[in-house]
Amino acid sequence: MPLLEAIDVHGGYGGMNILNGVDMTIEADEIGVIVGPNGAGKSTMLKAIFGLLTITQGEIRLRGEAITNLSPHKLVEMGMGFVPQEKNIFPSLSVEENLEMGAFLKPATASRLKAQIYEFFPPLLEKRRQPAGELSGGQRQMVAMGRALMNEPSVLLLDEPTAGLSPLYMNEIFERVKTINAAGVGVLMVEQNAKQALRIAHKGFVLAAGQNRFTDTGAALLDDPQVAKSFLGG
Amino acid sequence: MNELIYFFNYVVIAGSVTGCIYAIGAVGVTLIYSILRFAHFAHADMMTLGTLAVLLLTLAFPHAGDPLGLPTAIVMLPVGMAITSLIAVGIDRAFYQPLRNHGVKPIVMVIASLGVTLMLQGLIRLFAGTGSQNLYVDARKEIFRIDVPGVTRPIILTEPQIILFIVTVIAVVGLHLFLTRARLGKAMRAMSDNPDLARASGINTKLIITLTWVIAGSLATLAGTLLSLDVAFKPDLSFFLLLPIFAAAIVGGVGHPYGAIAGGFLVGFAETLAVFNWSVLLRPLRDSLPTWLELPNNLALVGTEYKIVVPFFILIAVLIWRPTGIFKGKVI
């Protein structure tokens, strides 16, 4: 049974449809990457899965169970983690408090997981008492991912985790995503840095105008001359 | 030396008392703003309502405090706080929550809170009449005179003032510990920082909202009761509290509980200093002043009856020159 399944999803904001029938499937041990031009509905798709906008048609399933239009709160309880692209930290809370908020539903496991996150993102350990808002972009992204991981999700949704980061930090974040996935967390992420992202993707979804354009393994999409020409800048 | 004692009694003590009351009130306003993002104009009436609850309990059991050696109103305070918290949560469920669920603009919530103000004022007058009442029922307020060696005038402190200082310290330290140590307190700060992310983290935002009203209602009762214990219960108490409390919250930077405390004391002291008769301090110099300079009897900046203009002035000055307040808060 696939971990996450989206079947013919339609939806948008205020009656305007942005998604016009998107299909997606990822297995429990996979990294799925959504790429495509601006306005293709990539982030919208992620938000639709996480219950942040109304799906007017189609279905989303988590391990076979329908989760269409469930509230984010409920989805977090069911083991879904979401890292928004912007405003993904609590700026006035310390790094440590940010992580604790991620484990709000599981306070008993917080200290064990906190130690794991510090091991995983070592720069956060020395900054743990500092307000997260004072951190650099890359470190903020680590806080944001760490917060989502504190709930021990089975599937993690990442909205452009490398947006605005230097190439050095970008590679670092992609390495972390691979490690997270290797630890048994399914990952679905939206990325602007399409080439680099598809290199670590088991599955790639190329969206355009709210519909699937190409769906294949990351490697196959990278090799496809048509995809390269239209979506990866040649 | 007598003049210094006079200054101590009429500025240091009086300013601290006013400061404590404003600080506790402003913390409530600021907390509600941080979590619900609207200026809650009914807050001062919540203070009056809480005080009324304590007054009614005190009238019903006038001697409950005797075995403990405390004023009955103090013994009834926790009960009054619980009742007011319940009412505050009830008001939220009945009036504010439906509006919130409709996703209305903050100004609509502000207007709704004005409606709640009028409603509460009516209710309070219905139960308490229009006259003022003493919170010491069948008892006398204790007044302590502390003699300072070499001076004829004593330092004067009343029992409610001492209780007020102790309770304010406990409330501030307690609130600080709650916001920085407790899981729900941290979640409250998280929700104030980023409500969407709080929801995406699985924080139960409804529970946080309820908790905010419980804290705000309790603190309002605390401040109102301790003020009324020192002076008297007046049904129109809120009229004199609303403006200074909002001035304090804005001066401190809206959304910052510590800023609200600082703002409370700032407004409180500004008010007392403005109505203080400075001529008293100059009196010992009277003989050495040139003859053409006659010392007037009253050198206060504003008359006591115009005390309310001070927070008004501070409010306008802050809004013009530093709308974010001392601690860089949000702009209402």
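In what order do the four strands of the open sheet in chain A run, and is the pairing parallel or antiparallel? I looked this up before anything else. The order is β2-β1-β4-β5 in chain A, and the pairing is antiparallel. I note that this is a predicted model.

**Entry: sheet edges.** I checked the ends of the sheet next. The edge strands are β2 (16–26) and β5 (65–66) of chain A, and each pairs on one side only. I then looked at how β5(A) is held. Strand β4 of chain A, residues 55–62, is joined to β5(A) by two bridges, and the two run antiparallel. In one pairing I looked up, L62(A) has E65(A) of β5(A) as its bridge partner.

**Entry: helix on the sheet.** I followed helix α1 of chain A, residues 42–49. Helix α1 lies across β1 (4–13), β2 and β4 of chain A. Its angle to β2(A) is about 75 degrees.

**Entry: chain A as a whole.** I counted secondary structure: chain A has 10 helices and 10 strands. The C-alpha trace spans about 45 × 35 × 35 Å along its principal axes. I compared the radius of gyration with the globule rule. For 234 residues a compact globule would come near 17 Å, and chain A has 17 Å, so the two agree. Buried residues are 46% of the 234 in chain A. I also looked at contacts with a separation of 6 or more in chain A: 66% of them join residues 24 or more positions apart.

**Entry: domains of chain A.** At the contact between them, 11 residues of domain 1 of chain A meet eight residues of domain 2 of chain A. On the domain 1 side, α2 (72–77) and α7 (167–182) of chain A each supply at least two residues. The most comes from α7(A), with five residues. I sorted that side of domain 1 by type: seven nonpolar, one polar and three charged.

**Entry: A200(B).** I moved to chain B for one residue. A200(B) sits in helix α7 of chain B, residues 195–200. Is A200(B) buried or exposed? A200(B) counts as buried because it has 26 C-beta neighbours inside 10 Å, and the cut-off for buried is 20 or more. Leaving out residues up to four places away in sequence, A200(B) touches P72(A), V76(A) and F82(A). I also took a distance within chain B. A200(B) and Q121(B) lie 79 residues apart in sequence, and 39 Å apart in space from C-alpha to C-alpha.

Definitions and conventions:
Residues numbered from 1 in each chain as written. Chains lettered and ligands numbered in written order. Predicted model: local features only at pLDDT ≥ 70, side-chain atom pairs only at ≥ 80, totals over all residues. Buried ≥ 20, exposed ≤ 12 C-beta atoms within 10 Å, placed from the backbone. Contact = placed C-beta atoms within 7 Å. Pairing = 2+ DSSP bridges. Axes fitted to C-alpha atoms, helices over the stretch in contact; angles between N-to-C directions. Rg over C-alpha atoms; globule rule 2.2 N^0.38 Å. Nonpolar A, V, L, I, M, F, W, Y, C, P; charged D, E, K, R; others polar.
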